[in-house]
Amino acid sequence: MADAESALENEINPVDFIQLQEYIEYSRITAKEAMKEFHAGGKLVHHRFGDHTDAAGFALFLSSYLEVEDFPADLCRRLFGYFQRCEQSCVDPRLHTKDGGVSLKAVSCYFSILEDGNPRDKLEYTFKLYDKDDNGLLDGKEVDKIVAQMMKAAEYLGWDVTELKPVLEDMLKAMDVDSSGAVTLEEWINGGLNNIPLLVLLGLKVADKDGQHVWRLKNFNRPTYCFVCQNMMLGLRKQGLSCNFCKYTVHSSCANKNHTPCVRTFVRSKAEIGCSAHDWISADCESNKCQICHKKIKILTGQRCAWCQSMRHTDCVPLGSSHCDCGSLQHHILPPWAICAVDQADCISVSGLGETHLGNITSEGHFLQIFPVMDTNPLLVFVNPKSGGKQGKRVLRKFQYLLNPRQVYNLDNGGPNPGLQFFQNLQAFRVLVCGGDGTVGWVLDAIDKANMAIRPPVAILPLGTGNDLARCLNWGGGYEGTDLTEILKQIEESRSIQMDRWSLRVAPVDDADEGDPVPNDIINNYFSIGVDASIAHQFHVMREKHPQKFNSRARNKLWYFQLATSETISASCRNLKDCLSIECCGVPVDLSRLSLEGVAVLNIPSMHGGSNLWGETKSAEKPKTWQEVRVDPEALQTCSQDMSDELLEVVGLESVLEMGQIYTGLKSKAHRLAQAAHITVRTCKTLPMQVDGEPWMQPPCTIHITHKNQANMLTAPAAKSVGCLFK
């Protein structure tokens, strides 16, 4: 008995499976990329023996791939044992490890499938986890073990398992289609693909079909009813499944039963284009008044239009007009009657955006194309789900509910190109980027490369930690959970401005010097060398090693404060003027009169999460005249900063203390050094640098900064920066 329990402890189980998915979700590299470390010149090549690796190499691979140093040792051990047991052939005789090693191919394949999230492949892997005797069948004992392990996984996720157990038992019983007493692999896959609780539990997603609900587990904090059985959600935390798109709610036990379809997102015939119509779905309309009879709607007796949000009694739905104007969000919504499924020959294609994305193809293989709606500016929403901790995921779900899911894109699924490709034939639309400054830069780069005839204006919902660009455009320093309809109203009232973008070219003095790769060749916000870049680099290195310690805006600020304090003591960038020289349009900048630890090149009036290093400038009596370069200290005092004037500002920082004084308002500005249209910096030693918050260590080099182009940005009304924390 003790031996059996010990063996069970060393088995990989569904909880491990789910934990791995959570780690992988926040990893920024793929298994294929991490495997390169086992090739010639890689850090793990000494742990490779033929096509296998040993336990130490496997642990180092997990640490590198998942970007976490303290990966659970017991889970690592169980995974290693699992891959050993999965070996299909004899161990390579050239393998000289004591523990037998594991196949690199099997490891790469396994993690790649977890990344891709293919339902059929994932179900096949889980089948193999349970089929302990490898006979291709799940017998009665193995099925019982599945129920027990699934219950354990559900508890890990916080499910109310009292309701789930009979659902799982009935599910597994139904999978045995031929009543043979055992479940084959094909029966397991087919049954799993049609079982909603299992798909949600294992984090599996099926192919998108119009009218198909997209489920997630949800805890309800007020009385909520199941729309299938019409009974209240019961349990310790009133748990159930809720659709991300329409908020249709069901018990786990009712999820596989017949229920109403989800909202339609497009029309299938060109004759339906422009024919606006309500899309009624069952909804919690309690205490709201019916649009037709004006009486209060009782529990489970109402329906809501997915687009205009109007509510009617179920019996009153056919009595009113079927015309839908999309309500208060009509200028932002891309309604289904503006999207039509067309044949490939009829689909407009624009070069520069790559192949048509699968998300823009129907389950029947037709292409989706947008047909413009008069007097509207549909919103194309990009969400980085990894920004702002769990904020990104919540924002993604909320926008999928408020707008047409077809106009809301998860940047983890192919980046910005699929959305830009879908909207390519619209003459008037806006873009909303939900993420940090790095995410905004990513989208702006994609718009550049798309070569669109009309570049759409871009608004920002700040989810990162710095958000300097969002601050400058009045979108605030961080989203604080405000109703997103308020944000959409701000976008409607926003105005368009131009923002300069700059090319950054770094030429090493010696090509043999091995420095870090330059993270970006475009400057949107700022570029700096010295003390602030040193702090940013230390922060970046620590976050790479311990990502779990940097999971909130407040905690990140505490880490920055701690690193800044350490930098104050060490002063690692003192005497910076001895290590570099600066020329602005060929005019040298005099650094001899100052004792600097940092130099910053500014495009916007915000840095370090809200510091205006250039400072405010009193308006001059005469209108400002454009000059290619200004370096005279007295003349610089009357120069104002403008992100659209095709000029950069150069400032000097004396110390970390001075940075803190400017941030808190104890000092008005840093040392103004120059204002110019072209900047050249030469360094003679390895120095920390950063561009838009992305740091790296750079060996001696020459840096050229020149004007690239201008981006069309949206700035929010100054007095209505709702729900955002500025500092």
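Residues are numbered from 1 along each chain as its sequence is written, and side-chain values use heavy atoms, with hydrogens and water left out.

With contact defined, let's look at T617. You will find T617 in the loop between β23 (598-602) and β24. Helices (H or I, at least four residues) and strands (E, at least two) are DSSP runs, by the way, numbered from the N terminus. Which residues does T617 touch, leaving aside its neighbours within four places in sequence? They are Q637, T638, C639, S640 and R672. Take C639 from that list: T617 and C639 are 22 residues apart in sequence, and their C-alpha atoms are 6.7 Å apart in space.

Now, how far can we trust the picture? pLDDT is the predictor's confidence in each residue, from 0 to 100. The chain averages 82, and 83% of the residues score at least 70. Confidence is highest in strand β14 (residues 379-383), at a mean of 97, and lowest in helix α1 (residues 2-9), at 40. Two stretches call for care. Over residues 1-9 pLDDT stays under 50, and the model has two contacts there beyond four places in sequence. Residues 88-98 also stay under 50, with eight such contacts. Where pLDDT is low, the predicted coordinates should not be read in detail.

On to the sheets. Two strands count as paired if DSSP finds at least two bridges between them. Seven strands, in the order β24-β26-β25-β23-β20-β28-β29, form an open sheet with antiparallel pairing. At its edges are β24 (629-630) and β29 (694-698), each pairing on one side only. Inside that order, β20 (residues 526-530) and β28 (residues 687-691) share three bridges, and I529 stands opposite M689.

There is also an open sheet of three strands, β6-β7-β8, again with antiparallel pairing.

Next, a helix pair. Helix α12 (residues 391-402) and helix α16 (residues 484-493) pack at about 70 degrees, with axes 11 Å apart. Axes here are lines fitted to C-alpha atoms, for helices over the stretch in contact, and angles run from 0 to 180 degrees between N-to-C directions. The two helices are therefore roughly perpendicular, a label for angles of 65 to 115 degrees. From α12 the contact uses V395, K398, F399 and L402, and from α16 it uses L484, T485 and L488.

Last stop: salt bridges, meaning a side-chain nitrogen of Lys or Arg within 4 Å of a carboxyl oxygen of Asp or Glu. That rule gives nine of them. In one, R222 meets D284, with the closest N and O atoms 3.1 Å apart. This pair links distant parts of the chain, 62 residues apart: R222 is in the loop between β6 and β7, and D284 is in the loop between β9 (280-282) and β10 (302-305).

Key. Predicted model: local features only at pLDDT ≥ 70, side-chain atom pairs only at ≥ 80, totals over all residues. Contact = heavy atoms within 4.5 Å. Parallel < 35°, antiparallel > 145°, perpendicular 65-115°, else oblique.
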